[in-house]
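Thanks for coming. I will go through one structure today, piece by piece, and you can follow along on the screen.

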Amino acid sequence: MPDGWQWDSTLFRGSAAHYERGRLPYAPGFAERLATALGLDGRGRLLDVGCGPGTVTLAMAPFVAEVVGVDPDEDMLAEAGRRAERRGVGNARWVAARAEDLPAGLGEFRAVVFAQSFHWTDRDRTAAAVREMLEPGGAFVHVSDLKNPAAATAPLPRPAPPYERIGELVRRYLGPVRRAGQGTLHNGTPNREDLVLARAGFENFRRHVVPAGDVVDRPVDAVVAWVFSRSDSAPHLFGDRLADFERDLRALLREASSDGRFAERLPPTEIMTWRKPPGEG
């Protein structure tokens, strides 16, 4: 868990409605690559912890008998349920819980996935609980955008979203230290998942990078949605200044792109897996 920070239920309050439009998707084919890496064959169960609106949960549903999405935010789970219904996914269920509540009576799984959520948890406690929930040889999976991908050589057809200027605007409204729920992140969020999982007794580490690079068109509304989908600029943080912030944000974006559209490349997706020793029950 981030140093000096305590989880609270407002971490992503108001963000769920902005995810689908605001967040870039993972690399095309990431779910198939993960299913192949794990040897998924339509049987068994997969757990997605910190599932948000079900992005990874629903992508993995075709490869297992049941997917379970766990998240403490009721709005995220409601959005996940709506997405599942729209897509006709009938083998997913949603559970309101924190990672620290595991195993929460959820049973055994072939794989437990954390898609950009593990850093919000008490990682040692969570890793130990996950190991007990996995079947012998089962996989702990960490999914994220690849950090610092190689720079593209071809120019974008439109301006990229002005993320640095957006960050400056957020800090002008919310202060210089990154917000997270009712607290702040003075030192950011932790990494080195490998050390945590080694302490928990996982082994057989594998890393997979799924390439991307497709250029995505991003209208102003999508960039605004991205801002409000983030924990450090969730709508509730602005209080009665929310309308003022959105007005200033949209003005900044109009200034940055004359036609109100931006472009950016999808980042590669990084998948890291560790295994529970096969001889353990």
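T57 has 0% relative accessibility, so T57 counts as buried. Keep in mind that this is a predicted model.

Where does T57 sit? T57 belongs to helix α3, which covers residues 55-60. Which residues does T57 touch, leaving out those up to four places away in sequence? The list is D48, C51, V67, V68, G69 and W94. For a sense of distance, take E270, which lies 213 residues from T57 along the chain. The C-alpha atoms of T57 and E270 are 17 Å apart.

Next, the nonpolar cores. The largest one has 25 residues. Those with the most contacts inside this core are L47, L102, L106, V112, V130, F140 and F202. Several elements supply at least two residues each, among them strands β1 (45-49) and β2 (66-71), and helices α5 (123-133) and α7 (193-199). Which element gives the largest share of this core? That is α5, with 4 residues.

F140 is worth a look on the screen. Setting aside residues up to four places away in sequence, F140 touches V112, F114, F118, V130, L134, L197, F202, M272, T273 and W274. There is also a second, separate core of 23 residues, including A27, L40, M60 and V67.

Last, a pair of helices. Helix α6 is residues 163-174, and helix α9 is residues 242-256. Their axes come within 11 Å and cross at roughly 160 degrees. An angle over 145 degrees counts as roughly antiparallel, and therefore α6 is roughly antiparallel to α9. The crossing of α6 past α9 is right-handed.

Which residues meet there? From α6 we have R165, I166, L169, V170, R172 and Y173. From α9 we have D244, F245, R247, D248, L249, L252, L253, E255 and A256. Sorted by class, this contact has 9 nonpolar residues, 6 charged ones and no polar ones.

That is the end of my part.

Technical notes: Residues are numbered from 1 along each chain as its sequence is written. This is a predicted model: local features need pLDDT of at least 70, side-chain atom pairs count only at pLDDT 80 or more; totals for chains, interfaces and linings use all residues. Side-chain values use heavy atoms; hydrogens and water are left out. A nonpolar core is a set of buried Ala, Val, Leu, Ile, Met, Phe, Trp, Tyr and Cys residues joined through side-chain atoms within 4.5 Å. Buried means under 20% relative accessible area, exposed over 50%, partly exposed in between (1.4 Å probe, protein chains only). Contact means heavy atoms within 4.5 Å. Axes are lines fitted to C-alpha atoms, for helices over the stretch in contact, and angles run from 0 to 180 degrees between N-to-C directions. Angles under 35 degrees count as roughly parallel, over 145 as roughly antiparallel, 65 to 115 as roughly perpendicular and the rest as oblique. A crossing is left-handed if the near helix is turned anticlockwise from the far one by less than a right angle, and right-handed if clockwise. Ala, Val, Leu, Ile, Met, Phe, Trp, Tyr, Cys and Pro count as nonpolar, Asp, Glu, Lys and Arg as charged, and the others, Gly among them, as polar.
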